[in-house]
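Try each task before you read its solution.

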Amino acid sequence: MRTYLRLFVAGFRRQSTYRLAAFGGLVANTAFGLLKVALLFAAVRTSGGELAGYDVAMMSSYIWISQGMLGSVNLTGRTEIADRIRTGDVAVDFLRPLDVHLASVTTEVGRAVFALIPRGIPSVVIGALLVGMAVPEDPWAYPLGAVSLLLGIVVSATTVYLVGVSGFWLLETRGVALLYMVVSGFLAGLFVPIALFPDWLRLVATATPFPAMMMYPVDVLSGRVGGAAAVGLVALQVLWLVLTVAAGQLATRAGRRRLEVQGG
Amino acid sequence: MITPTIGPIIETHDLGRDFRVRDGLRRRTVVAVDRLSIRVEPGEAVGYIGANGAGKSTTIKLLTGILMPTRGTVATCGLRPMADRRRLAREVGVVFGQRTQLWWDLPVRDSLRLLASIHALGRVAERERTDELVERLELAEFLGTPVRQLSLGQRMRAEVAAALLHSPRLVILDEPTIGLDVLSKQRLREFLIAERSRHGTTLLLTTHDMGDVERLCDRILLVDRGSLVYDGTLAGLSRTVGAERVLVVDLAEPTPDLADVPDTRHLGSEAGGMRQRLAFDPESTTAARVLASLSDRAELVDLAVEEPEIEEIVRRIYASRR
């Protein structure tokens, strides 16, 4: 356990060495945040000040929390484990007395949690100062929101890991990663809230782990969903965590038998 | 804290591994390792040599549970590498000359701490072992430097420290001296010799460097196309292929070809006979004896002995088999 904690810290510290990249990320997040403000505020206003339960303040919370999570939730499909399998460096991982799956996910989560400092929190602060946002009245929304946020980050890491280990079977995982990027951002609710989806598409989204990565934490943190319903969303995140971890364990075990590292 | 093993530290029976590679649209099977049966006892130092693509790295990955064998059986430290991978990882340290096990963007010190934690070393054991390795591999000057900023020689020393931090019983080195300058090679070899005499560590190394084999190994395993073709001492290997040494002498004045020196073969003369090359077989004479006979015939100014290249020996063995 202590070992995985150290790996978490290592991921955190590694990310801390890339300050300029973090700053660049924040600038991009803010620019796209303002674009989302322009589009989504207009949509709320044209439908008479409320759209699918969102007023302008709530929409602002959605925009800036989701933008802030972008540095921590992996919606690109690209992972270190995919590169390590492709280059054969994964051989080194198998030389350690560690569960390769858990070690990989822990390091990724450490990196992601660090990104909240230079990208997550500033993004929300900038949004609040520029356009204002709704804050939850229920004090429980904050601790529950923090738990939901962390679960979102972890589910993102355990799900995208599955894309990475497809490299045990596929020679090239960039196609899968690209597909993941297109689908995950949309279904996670990055572009518009899932509540704005047509019914059938919302059903499709909730059948995937993607809303658990971003939409649910945003709903809990912004206070849009509160009380028992919020606890329900967190429970759903836990369910996706269990499913993706189980799949990751199976895939790693099966993939290891297929591993081909020739030469070097 | 070295647990005594009963039986060999490495034992394989008819071990084999195939790879499927794409050849245009068709797939074909490449046999990387085939019918490999070897046995290494605790404390041995074994040089595992062969041409590129002979299956050396694949064998290492089969021994350590990274790759699954296609055929045959393998036991390392009495464990089954695939099934007992994590237990085996505590007994074995591997240095891949071409891959890093350090965290690229963290200082060396952090990588060593992480590895100590990964191997669940106690605080005291961690400090003692780290201090020992830092001193003997001379890491102190760059402990705080991120790995990506190290020179190759520094990185290799850090890699060796990382692989040996948990005091493994078996140390496997895959091309450990590749790309290193003479001094760095020398230091690394001295360290490995000391480590072995102190801790009784078993060494298995692949290399293209004759110096590594001569200085470090008391046994050679030679592989060709995935199969073992020689198992014995280096001297025995040289004997098998008749590896001659070449004595190059610079003489004080132009001299006719020295074709009559006992137990030697005149290879050629340069600069009007001021430089001459003589081959001799170390089994039938010595460099000293050849020199003695030479100085009766001419005045020597300078000399050099050329060692046979490992590639040359390997090539001759391969040629004799084909």
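**Exercise 1: the largest cavity**

The largest cavity holds about 140 Å³ of space. This is a predicted model, in which local features need pLDDT of at least 70, side-chain atom pairs count only at pLDDT 80 or more, and totals for chains, interfaces and linings use all residues. Residues are numbered from 1 along each chain as its sequence is written, and chains are lettered from A in the order in which they are written.

Task: find which residues lie closest to the centre of the largest cavity.

Solution. Step 1: a cavity is a set of points on a 1 Å grid over the protein atoms alone where a 1.4 Å probe fits but cannot get out, and lining residues have an atom within 4 Å of a point. Step 2: of the 16 lining residues, A:Leu95, B:Ala89, B:Val92, B:Val94 and B:His166 are the closest to the centre. Step 3: sorting the lining by type gives nine nonpolar, five polar and two charged residues.

**Exercise 2: two domains of chain B**

Solution. Step 2: with contact meaning heavy atoms within 4.5 Å, 18 residues of domain 1 of chain B touch 11 residues of domain 2 of chain B. Step 3: no salt bridges are counted between them (a side-chain nitrogen of Lys or Arg within 4 Å of a carboxyl oxygen of Asp or Glu).

Note on methods:
Heavy atoms only, no water. 1 Å grid on protein atoms, 1.4 Å probe; cavity = no way out; pocket = protein on both sides within 12 Å on 5 of 7 lines; lining within 4 Å. Points joined across faces, edges and corners; volume = space filled by probe spheres on them. Nonpolar A, V, L, I, M, F, W, Y, C, P; charged D, E, K, R; others polar.
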